[in-house]
Every structure is written in C-alpha cells, then in structure tokens.
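Biologist: Please show the model and its sequence, and then let us go through its features in turn.

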Amino acid sequence: MHCPFCRHSDSRVVDSRAADDGSSIRRRRQCPDCGRRFTTVETAALMVIKRSGVTEPFSREKVISGVRKACQGRPVTEDALAQLGQRVEECVRASGSAELSTHDVGLAILGPLKDLDVVAFLRFASVYQAYDGLSDFEAAIAELRGAEQPVPAPGDDGATVAVPAAAP
Ligand SMILES: [Zn+2]
C-alpha cells in the first residue's frame, strides 16, 4: 500500500483492529518516508454476478440507492436506509458464498424492506420480480395482509384499531 501523501511505495502497519463485528479490519499505517499516518479498511471480497454475466464487487451503497428510489415520498429516513443496507450486507455475507447473483441480493433486500415500508416493498418487488399486472399485486398484498396480525378489516388503512367488546 503506497502512501497517499507522498506516494512512497511502502507503508508500515502500526495497528490492526476488527471493525463492523469482525467483517472488516482497520489498519493504521505509517509511511516510512514522510512519517504520516493513514488508515486502510480491509473486507473480504464479495462478488455479485450481474444478469449480463459481468462480475462486480458487492456494494452496500448500490443496494441503498436502489431502495431509496423505491422509498421516494415515503416516510423513510436515511438512517433507516443505512440500517437496511447493513442488514442486507450481513444477510448476503452470512450466506457463506463468495459469489452471489443479483437475484440473491434482491431476495436479501425484500425481507428487510417489507419490515421498513410496505409501499416501498411493493414498488421494489414489482420491478424486481417483474409483476405483470394487477393479479401479481393482489397476490403480494394478500401475502402481506396474511402476515399482519390482526387481519385488518376491509377499508382499514393498515393501522391497528381497537375493537370494542360486545355489550353484555
Ligand atoms: Zn509518505
């Protein structure tokens, strides 16, 4: 690793520590020439094979920007997006495979996105799973409703409503 300040061709590691729960290592380095210090971050390469066959490194930022588009106009914060990106990365790393398809990444996004915002989930899923028409949306919504407890009444906007007990 060359020095970013003076371009010296070598550097010395002065400290190493695990970061992000062990998924990366930060190294503090010192240039033997100019003496300045800098940090490098090392992560295991996780490659994504695109539909075109091209392979590129997994990018949490790309996941987040794709999801951000689906979340336009929704009450989703940048913090929540960052957390989702982290969950997706943890999920794909936990798969133990060094190579993933874009399909695997899409699947890893759907779960956390469903928890985050159902409208954004439907937008994302409709593109990602190539919904063909209303029946695909209906099936997805039926599945979402099935997962909700309690099942909302017709016309309910999804909010939980207290049902008054029947009079004796
Ligand atoms: Zn230097």
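Modeller: Donors are N, O and S atoms within 2.8 Å of the metal (3.2 Å for Na, K and Ca); water is not among the atoms, so sites may look incomplete. The model is predicted: local features need pLDDT of at least 70 and side-chain atom pairs count only at pLDDT 80 or more, while totals for chains, interfaces and linings use all residues. Residues are numbered from 1 along each chain as its sequence is written, and side-chain values use heavy atoms, with hydrogens and water left out.

Biologist: Which protein donors does the zinc ion have?

Modeller: The donors follow the spacing C-x2-C-x24-C-x2-C along the chain. They lie 2.2 to 2.4 Å from the zinc ion and are the SG atoms of Cys3, Cys6, Cys31 and Cys34.

Biologist: What is the arrangement of the 4 donor atoms around the zinc ion?

Modeller: Four donors count as tetrahedral if all angles lie between 85 and 135 degrees. The angles subtended here are 106 to 117°, so the arrangement is tetrahedral.

Biologist: Is cysteine 31 buried or exposed?

Modeller: Buried means under 20% relative accessible area, exposed over 50%, and partly exposed in between (1.4 Å probe, protein chains only). Cysteine 6 has a relative accessible area of 32% and is partly exposed. Cysteine 31, with a relative accessible area of 2%, is buried.

Biologist: How many bridges pair E2 and E3?

Modeller: Strands (E, at least two residues) and helices (H or I, at least four) are DSSP runs, numbered from the N terminus, and two strands pair if DSSP finds at least two bridges between them. E2 and E3 form a hairpin with 6 residues between them, and glycine 35 in the turn has a positive phi of about 80°. Arginine 27 stands opposite threonine 40 in E3. The pairing is antiparallel, and the number of bridges is 7.

Biologist: Which residues does isoleucine 109 contact, leaving aside its neighbours within four places in sequence?

Modeller: Contact means heavy atoms within 4.5 Å. With those neighbours left aside, the partners of isoleucine 109 are Val63, Val67, Val88 and Phe124.

Note on methods. Four donors count as tetrahedral if all angles lie between 85 and 135 degrees; four count as square planar and six as octahedral if opposite donors are over 155 degrees apart and all others between 65 and 115; anything else is irregular.
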